[in-house]
Amino acid sequence: MEAFIKGIPKAELHLHIEGTFEPKLMFEIAKRNGISIPFDSVEEIEKAYQFDCLQDFLDIYYQGARVLLTEQDFYDLTYSYLEKCAEQNVRHTEIMFDPQTHTERNVEFKTVISGILKACSDAEKRLGITSLLIMSFLRHLTEKEAFITLEESLPFKKHIKAVGLDSSEKGNPPSKFKHVFEASVKEGYIPLAHAGEEGDADYVWEALDILKIKRIDHGNKAMQDEKLVEEIIRRNIALTVCPLSNKALQVVPDLQNHPLKKMMNKGLKVTVNSDDPAYFGGQVNQNYLEIQKALHLSKQDIYELARNSFEYALLEEDTKRKYL
Ligand code: HPA
Ligand code: ZN
């Protein structure tokens, strides 16, 4: 099974580039930028990665991102992730980035996106991996601040496929971002959002009906509401599920109680992803492997999950055909 999971071509659809920041690279970049971090060793950092909830994790994740300053930093971060994709037979990846985490520290939007894009372009040439970018708004900030980010993104519009919504979910419902999502769609961006990770099913309804999203990041809590499940199926919208993330942030008590197989049985279109692999204990193949073991998934299930990852990618139909 391990060889089967490793060998099957797959796409990753839910991945935060800032969440791929491995402790070793964090130390290297902190050193070259002369920034101190509150840890003395890689082991100490890893020990700090124990989370009770999403907010616990976010506090550490934003702390780590503080050392990223230059285009080279964003290049190194991204290229290092893309090399891991190559090792795992991830052929296509849809990378989320959080511009506001950097612009609020006076790192320019252009610096962030230029480093990421250059790494993606080199990885396509050298490793044969295709990628596209999803610009995520931070939901703990205001809609007005999201509008500023939207404005800053426009010179790079042709390099950004979609907008997303991430960070602290509870208390920051999708409806808070109605207008900026409408404006983003007018600019040609595809609307996506995290919904139903910690927030209840009504947040997923809002993401569908108010933000008009085309894919749901996480979506676990949709299982609370039978009508919602039916509606997601009716709209042919996929869920980008992240098992190890759900375990690490205690969205599920353990993987044996993860709803992934129940979702598939209901007819939901599910994909498997790593979310923030440096923080949650595994890359995408590890997510497949651990959820397979916990839920006794068959090879046919794995095939369906991998196939969905291409079917529900944001690629043009003719490009998609190459993978299916
Ligand atoms: N949820 C919300 N925001 C995030 C996450 C997540 O899992 N990872 C990075 N930002
Ligand atoms: Zn996420």
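Trainee: Which residue does Ala 193 stand opposite in strand 7?
Mentor: Ala 193 stands opposite Ile 216. Strands here are DSSP runs (E, at least two residues), helices are H or I runs of at least four, and both are numbered from the N terminus. This is a predicted model: local features need pLDDT of at least 70, side-chain atom pairs count only at pLDDT 80 or more, and totals for chains, interfaces and linings use all residues. Residues are numbered from 1 along each chain as its sequence is written, with chains lettered from A and ligands numbered from 1 in written order.

Trainee: How many bridges join strand 6 to strand 7?
Mentor: 3, and the two strands run parallel. Strands pair if DSSP finds at least two bridges between them.

Trainee: What's the strand order in the sheet?
Mentor: 6-7-8-9, an open sheet with parallel pairing. Strand 6 (193–195) and strand 9 (269–272) are the edges. Twist averages 35° from one strand to the next.

Trainee: Which helix packs on the sheet?
Mentor: Helix 16 (residues 299–311) does, touching strand 8 (238–241) and strand 9. Contact means C-beta atoms, placed from the backbone, within 7 Å. Its direction makes about 95° with that of strand 9. Axes are lines fitted to C-alpha atoms, for helices over the stretch in contact, and angles run from 0 to 180 degrees between N-to-C directions.

Trainee: Switching to helix 4. Which residues are buried?
Mentor: Leu 54, Phe 57, Tyr 61, Gly 64 and Ala 65. Buried means 20 or more other C-beta atoms within 10 Å of the residue's own, with C-beta atoms placed from the backbone.

Trainee: What do they pack against?
Mentor: Helix 2 (23–33), helix 6 (99–103) and helix 14 (277–280).

Notes:
Buried ≥ 20, exposed ≤ 12 C-beta atoms within 10 Å, placed from the backbone. Contact = placed C-beta atoms within 7 Å.
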